[in-house]
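Subject: Handing over a structure

Dear colleague,

I am passing a protein structure on to you, and my notes on what was found in it follow directly below. Please read them with the structure open beside you.

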Amino acid sequence: ADPSHMSTMGPGVALGIGLANVVAAWLLFDPVRRCIAEQGNRPAAMGRVARLARLSTAWTFALSAAVMTTPFVVEYLQCPTCAPGDPRLVLAYQALLMCIHAVLMALFMYFLVDDYVSSLKLELYRVCGWEFAPGLGGVVTKLLVAYLATAAVPFVLVFFDVFFADRLEALQMLNLRQAFLLDMIGAVAMTGVAVVFIRRGLLRPLEQLATAMQRVDAGDLAGRAPVVSDDELGLLTDRFNRMVGQLREKEFLRETFGRYVPRHIAGAILANRGALEPQQRLATILFTDIQDFTRIAAGLAPQQLVSVLNEYFSRLVEIVERHGGVVTQIQGDALLVTYNVPLEDPAHAANAVRAALEIESAINHRRFGDSVEFITRVGLNTGSVVAGPVGATGS
């Protein structure tokens with residue numbers, strides 16, 4: 001191609017490439033933009049983000065190859081003075097060489113956009129709450145791309161230099177040493193790019209996962225680690241999030257269950273997967289009721305009675321549990337407490353007596369709801385019992 005002709009075309013070509021890239025970027029990001037602005041099709045937008053690196057790589061190769069090879073291809077096909085032989089060989093060689101350089105540019109774009117997508121996913125997670133599932137990518141795929149950029153393509157360029165060594169000055173206007181040195185500089189530069197971006201691609205999700213693990217270790221089960229990589233690390237992060245979700249459900253079950261069943265009993269039930277086998281042992285039973293409860297209840301409104309009883313039983317249960325008792329039943333004004341079953345307590349009788357004495361001193365003649373006074377009657381009995389769950393079996 002004529003250098004003066006190419007220099008006059010340069011600004012127009014650069015402008016055309018810039019406009020083409022602007023249009024391509026607008027088309028690539030349009031689903032994401034519309035989804036954020038209008039709350040549109042989120043799956044389509046998330047799919048576009050996940051494929052952004054591959055789409056950008058394909059576009060970069062297509063545009064670069066078209067722009068860089070078109071002058072040589074046109075001249076090869078239309079040059080009236082080009083007979084078959086060296087002139088056309090030069091043009092074909094230059095077109096093929098431009099295609100190889102277009103591959104290098106596309107591989108560079110892959111690393112650049114893949115790194116950008118990780119940041120974009122993290123920002124969309126923080127701002128919009130988008131949670132990306134791990135995709136079909138892999139660390140092996142990234143290493144393969146790195147191999148192409150740092151070894152395979154430079155090897156092809158070196159092969160061309162050696163194969164066409166006797167005609168290299170006519171083909172590239174470079175001698176063998178200059179061409180080889182140029183290829184090595186390109187290989188080193190692409191190796192540096194690959195190392196930097198692969199390192200960032202591996203460390204970023206690991207840092208996010210480590211931060212989430214530290215929160216879980218500190219007892220915080222509310223957070224999630226964002227999935228920012230389309231590879232095995234993303235899959236590992238997704239599995240971690242599922243594990244934390246299961247832990248959160250178990251903790252919710254434990255807390256909810258503990259509102260209605262003593263915590264140590266709830267823990268034993270959950271530890272045994274819901275099974276508490278009947279057992280026979282020497283135990284002490286403590287039972288209470290409220291003296292003249294029928295008359296007191298008749299003089300209170302239902303809401304007031306419930307409020308007073310909740311305050312009364314809260315204080316009562318606090319006392320018996322502090323002395324090792326297990327509340328097994330609350331019915332009306334009555335409370336049934338067991339000692340030494342289902343949890344072992346060698347001093348069950350003494351602990352039951354201590355609980356009874358504290359109930360009499362702390363509960364009797366105390367006013368609940370600022371107006372209601374209860375007198376609690378306490379009974380104790382020690383003997384051999386068979387204790388366990390009683391009722392219909394569930395599926």
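Of the 395 residues of the protein, 37% count as buried, where buried means under 20% relative accessible area, exposed means over 50% and partly exposed lies in between, with a 1.4 Å probe and protein chains only. The protein exposes about 23100 Å², of which carbon and sulfur atoms supply 63%; these areas come from the Shrake-Rupley method with a 1.4 Å probe, and for residues only the protein chains shown count as cover.

Please keep in mind that this is a predicted model, in which local features need pLDDT of at least 70 and side-chain atom pairs count only at pLDDT 80 or more, while totals for chains, interfaces and linings use all residues. Residues are numbered from 1 along each chain as its sequence is written, and side-chain values use heavy atoms, with hydrogens and water left out.

The protein has 12 helices and six strands, which are DSSP runs numbered from the N terminus (helices are H or I with at least four residues, strands are E with at least two). Among contacts with a separation of 6 or more, 70% are between residues 24 or more positions apart, a contact being heavy atoms within 4.5 Å.

Turning to the strands, S3 (residues 334-339) runs antiparallel to S1 (residues 279-290) and is joined to S1 by five bridges; two strands pair if DSSP finds at least two bridges between them. Leucine 286 has valine 337 in S3 as its bridge partner. S3 also pairs with S2 (residues 326-331) in the antiparallel sense, over five bridges, and here glutamine 331 is partnered by alanine 334. Two residues lie between the strands in the hairpin of S2 and S3, where glycine 332 takes a positive phi near 65°.

A search of the whole structure finds five aromatic pairs, that is, rings of Phe, Tyr and Trp (its six-membered ring) with centres within 6.5 Å, counted as stacked for planes under 30 degrees apart, edge-to-face for over 60 and tilted for the rest. One of them is the edge-to-face pair of tyrosine 110 and phenylalanine 111, at 5.8 Å centre to centre with 70° between the planes. Another edge-to-face pair is formed by tyrosine 312 and phenylalanine 368, at 5.6 Å and 85°. This pair links distant parts of the chain, with tyrosine 312 in helix H11 (residues 302-322) and phenylalanine 368 in strand S4 (residues 367-368), 56 residues apart.
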